[in-house]
Amino acid sequence: MKTTAILFSTLLTLAVAAPVAASPEVGAPAPTFTGVTSNGESVALEDLRGKTVVLEWTNHDCPYVKKHYETGNMQTLQKDATGDGIVWLSVISSAPGTQGHVSPDMANTLTSDREAAPSHVILDEAGTIGRAYSAQTTPHMYVIDPEGTLIFMGGIDDKPSANKNTVEGANNYVRAALDSLSNGTPVEAPVTRPYGCSVKYKNA
């Protein structure tokens, strides 16, 4: 009995002492990661040091994602960003068998059919990258500066609706953050409320 009590106490201590992944914080180094793209390439955040990076969590079946792609809003933002030398990573964290999960070929077809312009599409089936960033919704957006510091995270704009008509006139927080970075001014809204469909993590 005494041995059992000691063992339980030890396990409890280990559970309390076990490290917990910290949530990402604006103004702090962005969580590092290495992901595999839809073309089978390996992309590591540390290799992108010196470049601005945008992370976009996406799920093509989500009505909120469709709002931004069917209006061309997301593609325009992608093209403007990559045209300025920014690295745009679209991340799919949908687990196999869940909404939004795609094969590499399907991901590439979606990019082509929608005339999207990400630098890479990262397939995060295990949800490792998504959980490291506490990505909650699709879309959920992040901006990382050339020094590797997270300077923005949250919703793409201030219209938390799946209605396509709300794109026009919306305050696009991602564009504003990129403009501030380019102009050397502080990001006015560094953290905004994400909206959309929940990320379909494995075992979630």
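# Cavity, pocket and disulfide in a predicted chain

Good morning. The residues that line the largest cavity divide into seven nonpolar, six polar and one charged. In this classification Ala, Val, Leu, Ile, Met, Phe, Trp, Tyr, Cys and Pro count as nonpolar, Asp, Glu, Lys and Arg as charged, and the others, Gly among them, as polar.

Residues are numbered from 1 along each chain as its sequence is written, and side-chain values use heavy atoms, with hydrogens and water left out.

The chain contains six helices and nine strands; these are DSSP runs numbered from the N terminus, helices being H or I of at least four residues and strands E of at least two. Of the 204 residues, 45% are buried. Buried means under 20% relative accessible area, exposed over 50%, and partly exposed in between, with a 1.4 Å probe and protein chains only. Among contacts between residues at least 6 apart in sequence, 75% join residues at least 24 apart, a contact being heavy atoms within 4.5 Å.

I return to the cavity. The search runs on a 1 Å grid over the protein atoms alone: a cavity is a set of points where a 1.4 Å probe fits but cannot get out, a pocket is an open set with protein on both sides within 12 Å along at least five of seven lines, and lining residues have an atom within 4 Å of a point. Grid points are joined across faces, edges and corners, and a volume is the space filled by probe spheres set on the points. By this rule there is one cavity of 30 Å³ or more, and the largest cavity holds about 90 Å³ of space. Its lining has 14 residues, of which Thr58, Ile92, Leu110, Arg114 and Val121 are the closest to its centre. Strand 4 (87-92) and helix 4 (104-113) each supply at least two lining residues, and the largest share, three residues, comes from helix 4.

Which helix gives the largest share of the lining of the largest pocket? Helix 6 does, with five residues. That pocket holds about 190 Å³ of space, and both helix 3 (73-83) and helix 6 (173-183) supply at least two residues of its lining. Among the lining residues are Leu77, Asp80, Arg175, Leu178 and Asp179. By class, the pocket lining has five nonpolar, two polar and four charged residues.

An α-helix has 3.6 residues a turn, so residues three or four places apart point the same way.

The structure holds one disulfide, defined as a pair of cysteine sulfur atoms within 2.5 Å. Cys62 and Cys197 form it, with their sulfur atoms 2.2 Å apart. The pair links distant parts of the chain, 135 residues apart: Cys62 lies in the loop between strand 3 (53-57) and helix 2 (63-70), and Cys197 in strand 9 (residues 197-198). Both Cys62 and Cys197 are buried. The torsion about their S-S bond is about 90 degrees, so the disulfide is right-handed.

Finally, the backbone. Most residues other than glycine have a negative phi, and most peptide bonds are trans. Where is the cis peptide bond with omega about 0 degrees? It joins Thr138 and Pro139, and Pro139 is found in the loop between strand 6 (137-138) and strand 7. Glu115 has a positive phi, near 55 degrees. Glu115 sits in the loop between helix 4 and strand 5 (120-123) and is exposed, with a relative accessible area of 54%. Ser134 also has a positive phi near 55 degrees; Ser134 lies in the loop between helix 5 (128-132) and strand 6 and counts as partly exposed at 28% relative accessibility.

Thank you for your attention.

How values were computed:
Predicted model: local features only at pLDDT ≥ 70, side-chain atom pairs only at ≥ 80, totals over all residues.
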